[in-house]
Amino acid sequence: MKLKTMTMEWTGDELILIDQRKIPLVEEYVSCKSYKEVAVAIKDMVVRGAPAIGASAAFGYVLGAREMFVEDFNAFVKKVEEVKEVLANTRPTAVNLFWALNRMEDSLKKYGKTEGVLEYLEEEAMNIAKEDIEVNKAIGRYGAELLKDGDTVLTHCNAGALATVDYGTALGVIRAAVEQGKKIKVFADETRPYLQGARLTAWELMKDGIDVTLISDNMSGWSMKLGKINAVIVGADRVAANGDVANKIGTYMVAVLAKRHGIPFYVAAPTSTIDLNTKTGKDIPIEERKHTEVTHCGGRQIAPDEVKVFNPAFDVTDAELVTAIITEKGVVYPPYEENLKKLFEE
Ligand code: MRU
């Protein structure tokens, strides 16, 4: 079984990831031949973005299951729990990681025997990856209806092809609108400290010939005030049952600014990012990353030695600031508590 996109390639024996730490200066690839290598690649952000993390973890689970294989089914299930644990202990905020690992584990338990189980698990990981592309295209179709010809969309971080198996969520909406023939321009926040906007969003949109203008994060308010922005679309790492949205640090600031300027603030996210078991944003674990992400820029120190640093990788945007959540099942409007639940009932 094989799959190849810009973000990842599954050869049947290894997971090859484009090294997102190095884009746009070099296009290099990291090959993961064991589940531990996949875990390191997720933790070190070779691969990042909620759906891409989930799909990578599913392939990591397949590699781990092969490494752990024993004939006795119960002993095998027990050994694979260790694989799940290692992969789950990489990044805490994006729920797609846990969603994908739980789906793999549930499939394993349902299959119930060791004969043919490795092929079965590989097929399930492939399903997760292929479904992600279809889901993003559906998000794109629904979301594109919200954009008018001539709109300029502000986005934060990278919720594009690189953050998913392919096509993207927030950038998927933009891609779909462009495919419909609408002229859409994008303003990309650089997204300090890790610069996913400057490095990844600008790179992938330019590669696709989509009109993108890079701004530093502190320019978004002024850009809105000047009337340059018609809509904001971002991705999500986890949407709580009440509609609170965890996404890349700085998203909350953009949402507050959008409210102030009467600009719609849309979140594009697959249902695998919606976590009804997490009641509100307060219950979402927020990852804190190393201080050098803030004290350094492009490998160069920009702050005094030993300065104190706070580096949360994500923030939570209150549901009341979110105009709508664009999913593969349709566009969800408030009240979110009620309407998100309906998505899972149908
Ligand atoms: O730390 P990252 O780069 O993994 O954070 C990514 C984001 O916050 C994305 O906006 C989110 O995962 C949605 S990706 C479709």
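Predicted model: local features only at pLDDT ≥ 70, side-chain atom pairs only at ≥ 80, totals over all residues.
## Helix α1 against α3

Let's start with helix α1, which covers residues 35-43, and helix α3, which covers residues 73-88. Their axes come within 9 Å and cross at roughly 20°. Angles under 35 degrees count as roughly parallel, so that is how α1 sits relative to α3. As for handedness, α1 goes past α3 in a right-handed crossing.

Who's doing the touching? On the α1 side you'll find Tyr35, Lys36, Val38 and Ala39, and on the α3 side Val83, Val86 and Leu87. Sorted by class, the residues of this α1 and α3 contact come out as six nonpolar, no polar and one charged.

## Helix α1 against α2

Helix α1 also packs against helix α2, residues 50-68. Here the axes are 7 Å apart and the angle is about 160°. Since angles over 145 degrees count as roughly antiparallel, α1 and α2 are described as roughly antiparallel to each other. The crossing of this pair is left-handed.

From α1, the residues involved are Tyr35, Val38, Ala39, Ala41 and Ile42. They meet Ile53, Ser56, Ala57, Phe59, Gly60, Tyr61, Leu63, Gly64 and Glu67 of α2. The class breakdown for the α1 and α2 contact is 10 nonpolar, three polar and one charged.

## Asp237, the annotated position

If you look up the UniProt record, an unreviewed entry, you'll see Asp237 listed under "active site". In the model, Asp237 sits in the loop between β8 (231-234) and β9 (238-240).

Is Asp237 buried or exposed? With 32 other C-beta atoms within 10 Å, Asp237 is buried; the cut-off for that label is 20 or more. Leaving aside residues up to four places away in sequence, Asp237 touches Ala50, Thr93, Ala94, Ala246, Asn247, Thr273 and Phe314.

Met1 lies in the segment before β1 (3-4). Met1 has 12 other C-beta atoms within 10 Å, so Met1 is classed as exposed, the cut-off being 12 or fewer.

Which residues does Met1 touch, not counting those up to four places away in sequence? They are Trp10, Gly12, Glu122, Glu123 and Met126. As for Ala255, its C-alpha atom is separated from that of Met1 by 42 Å, and the two residues are 254 residues apart along the chain.

Terms used
Residues numbered from 1 in each chain as written. Axes fitted to C-alpha atoms, helices over the stretch in contact; angles between N-to-C directions. Helix = DSSP H or I, 4+ residues; strand = E, 2+ residues; numbered from the N terminus. Parallel < 35°, antiparallel > 145°, perpendicular 65-115°, else oblique. Left-handed = near helix turned anticlockwise from the far one by under 90°. Contact = placed C-beta atoms within 7 Å. Nonpolar A, V, L, I, M, F, W, Y, C, P; charged D, E, K, R; others polar. UniProt positions renumbered as here; feature names shortened; annotations may be inferred.
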